[in-house]
Amino acid sequence: MRRFEGRVAVVSGAAQGMGRAVAERLGQEGATVVAVDINGDGANAAAKAIGGKSFGVACDIGDEDAVAKLFQSVASKCGKLDVLVNNAAIVPFVKWDELTFKEWRRVLRVNLDGLYLMCRAGSDLMRKNNYGRIVNFSSNSIFAGTPNMAHYVASKGGVLTFTRALATELGGYKITVNSVCPGLTDTEGVQQTPHKEAFGFVEMLQAIKGVGKPTDIVPAVAFLASEEAHWITGQALAVDAGMVRW
Ligand code: 4PL
């Protein structure tokens with residue numbers, strides 16, 4: 001399939017994990033990908049692997065000025081924006097009563113303030129062409145109430161409900177806004193934390209057995225980011241082998 005021929009896509013958290021897998025797929029299907037990550041070297045490496053006119057940008061999505069600069073360079077280098085995939089997030093594994101307020105604020109800053117800033121600046125560019133596909137990463141942990149991540153679960157609940165509200169605000173510009181709710185997925189980020197010990201537990205709850213990989217999440221994101229998904233907006237899709245149903 002070449003569903004993204006001529007399209008420009010911004011993918012956050014594109015240096016690794018699900019973001020990198022989504023960026024590669026959109027690129028394989030013809031998109032010019034702007035690979036965004038706080039790790040600028042990783043973003044550049046992802047863009048290089050994709051090839052074509054794709055490029056990497058180092059950006060802290062919680063920094064308003066950095067996000068403004070990001071979309072200025074998208075506008076000047078690409079002239080438009082068709083697809084925005086908000087994947088970047090942090091998932092510290094910390095017990096509820098050991099979490100500091102500072103850490104709570106840091107999680108909300110990246111996972112929710114960052115989403116707001118990216119959607120605000122990205123949709124301003126999309127509105128010019130009356131076309132856009134925004135796909136936000138929530139998490140199935142918002143349904144499961146997964147332990148040691150109350151801060152993250154709170155932020156990801158915000159991602160889902162912000163997505164619903166933004167769909168209303170942007171529908172008039174023919175911009176769709178949807179979220180995916182992946183389950184625990186085998187990524188570099190997860191492998192660096194105690195989350196990696198939870199694969200056996202989540203597998204027990206899955207309708208389909210196995211360990212989720214980034215490429216298992218990609219098809220749902222690519223579909224929602226595609227032109228043909230134009231009649232779907234404000235929705236949340238669990239992509240977790242049937243661990244949660246709602
Ligand atoms: C079920 O989004 O959804 C661990 C770590 N376990 O980040 C997640 C589950 C984690 C999840 C998540």
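**A surface patch and the sheet**

A: In this predicted model, Phe201, Met204 and Leu205 make a nonpolar surface patch of about 320 Å² (patch residues have over 30% relative accessible area and no salt bridge, with like charges joined within 9 Å and nonpolar side chains, namely Val, Leu, Ile, Met, Phe, Trp and Tyr, within 5 Å; areas come from the Shrake-Rupley method with a 1.4 Å probe, and for residues only the protein chains shown count as cover; a salt bridge puts a side-chain nitrogen of Lys or Arg within 4 Å of a carboxyl oxygen of Asp or Glu). Phe201 belongs to helix α8, residues 199–205 (helices are DSSP runs of H or I with at least four residues, strands are runs of E with at least two, and both are numbered from the N terminus).

Turning to the sheet, seven strands form an open arrangement with parallel pairing, in the order β3-β2-β1-β4-β5-β6-β7 (strands pair if DSSP finds at least two bridges between them). Because β3 (55–58) and β7 (236–239) each have a single partner strand, one side of each edge strand is left without a neighbour in the sheet. Neighbouring strands are turned by 20° against each other on average, direction ignored (axes are lines fitted to C-alpha atoms, for helices over the stretch in contact, and angles run from 0 to 180 degrees between N-to-C directions).

Residues are numbered from 1 along each chain as its sequence is written, and side-chain values use heavy atoms, leaving out hydrogens and water. Local features need pLDDT of at least 70 and side-chain atom pairs count only at pLDDT 80 or more, whereas totals for chains, interfaces and linings use all residues.
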